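Subject: Structure handover

Hello,

Here is the structure for you to look at. My notes on what was found follow below it.

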Amino acid sequence: MNVRTQRLSRSESQAQTRIRLAQAARHEFARRGVAAASIDRISESAGYSRGAFYSNFADKHELLLELQAQHQAAEIDAWQALLDAEGSLAEVLPALQRRFDAFARNADDFLFQAELQLEALRNPQVAERYRAFSAEIATRTRQLAQAFITRAGGCRVSADVLGILLQSLAHQLITEARLGAGAAEPSAGERMVAILTELLGTTPDAA
């Protein structure tokens, strides 16, 4: 029996290469940290040459920025989907709480973000790319903030301010959670919902 092998187009092949490199890089970053991560090990683990890496990414920081952009965009999309669900905002908040708690438990991505920020402070080239990444996430977070305000029927602060608060609070609450708040303390998600509830003037679902 003849089996026809469908060849990938050039764009499909490149997309597959980037995915495999990104997967290998995530493992390398998690195991060794960003500073000690090796492009050679990333390339070898993905099954490609060093040249293939540089055909797709300028350096490991560019790859890490892409990973972080995808991760944070997916999280914002998940929150937006919850806000688009039926029911009152108070009924949606418990699901948002659970989502944020799960997000806070993802130690790798939070550590990657912190390492990227430190590298951006040290390295002007990384800083330029990090600013572009931050601007895109800020825009999407503002849109999410506006969705919160619309769903609540108003807010004590503007969408611009609420967007900044969401980003700052997320970072602070996750940091505190990762540092080991006691089991009796409210979770990061519970604290986030309590702050949003006060700002939006809504009431969390009693359930």
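This is a predicted model: local features need pLDDT of at least 70, side-chain atom pairs count only at pLDDT 80 or more; totals for chains, interfaces and linings use all residues.

**Annotated region**

The unreviewed UniProt entry carries the annotation "DNA-binding region" for residues 38-57. In the model, that stretch is 75% helix and 0% strand. Its end C-alpha atoms are 14 Å apart.

**Helix H4**

H4 runs over residues 60-83, which makes 24 residues. From first C-alpha to last, H4 reaches 35 Å, close to the 34 Å expected at 1.5 Å a residue. The N-terminal end of H4 is capped by aspartate 59, with a side-chain oxygen 3.1 Å from the backbone nitrogen of histidine 61.

**Salt bridges made by H4**

The count of salt bridges comes to twelve. Three of them involve glutamates of H4, and they are taken here in turn.

- Glutamate 66 pairs with arginine 18, and the closest N and O atoms are 2.3 Å apart. Because glutamate 66 lies in H4 and arginine 18 in helix H1 (residues 10-32), this pair ties together parts that are 48 residues apart in sequence. Glutamate 66 is partly exposed at 25% relative accessibility, and arginine 18 is partly exposed too, at 22%.
- Glutamate 62 forms a salt bridge with arginine 129, at 4.0 Å from N to O. Arginine 129 belongs to helix H7 and glutamate 62 to H4, so the link joins parts that are 67 residues apart in sequence. Arginine 129 has a relative accessible area of 21% and is partly exposed; glutamate 62, at 26%, also counts as partly exposed.
- Glutamate 75 meets arginine 99 in a salt bridge of 3.0 Å, N to O. Here arginine 99 lies in helix H5 and glutamate 75 in H4, so the parts tied together are 24 residues apart in sequence. Arginine 99 is partly exposed at 33% relative accessibility, whereas glutamate 75 is buried, with a relative accessible area of 10%.

**Helix H7**

H7 covers residues 124-152 and has 29 residues. Its reach from first C-alpha to last is 41 Å, close to the 42 Å expected at 1.5 Å a residue. At the start of H7, a side-chain oxygen of asparagine 123 comes to within 2.9 Å of the backbone nitrogen of glutamine 125. Just after H7, glycine 153 has a positive phi of about 80 degrees.

The buried residues of H7 include Val126, Tyr130, Phe133, Ile137, Leu144, Phe148 and Ile149. What do the buried residues of H7 pack against? Their partners are H4, helix H5 (89-104), helix H6 (107-122), helix H8 (159-178) and helix H9 (188-200).

**Aspartate 101**

Aspartate 101 sits in helix H5. Aspartate 101 is buried but has no salt bridge. Why is there none? A salt bridge needs a side-chain nitrogen of Lys or Arg within 4 Å of a carboxyl oxygen, and the nearest side chain of opposite charge, arginine 105, is 5.2 Å away.

What aspartate 101 does have is a polar side-chain atom 3.5 Å from the backbone nitrogen of alanine 188. Apart from neighbours within four places in sequence, aspartate 101 is in contact with Ser187, Ala188, Gly189 and Glu190.

Regards

Methods
Residues are numbered from 1 along each chain as its sequence is written. Side-chain values use heavy atoms; hydrogens and water are left out. UniProt positions are given in the numbering used here, feature names are shortened, and annotations may be inferred rather than shown by experiment. Helices (H or I, at least four residues) and strands (E, at least two) are DSSP runs, numbered from the N terminus. The expected span of a helix is 1.5 Å times one less than its number of residues. A polar contact is a pair of N or O atoms within 3.5 Å; within protein, one must be able to donate a hydrogen and the other to accept it, and residues adjacent in sequence count only if both atoms are side-chain atoms. Buried means under 20% relative accessible area, exposed over 50%, partly exposed in between (1.4 Å probe, protein chains only). Contact means heavy atoms within 4.5 Å. Lys and Arg count as positive and Asp and Glu as negative; His and the chain ends are not counted.
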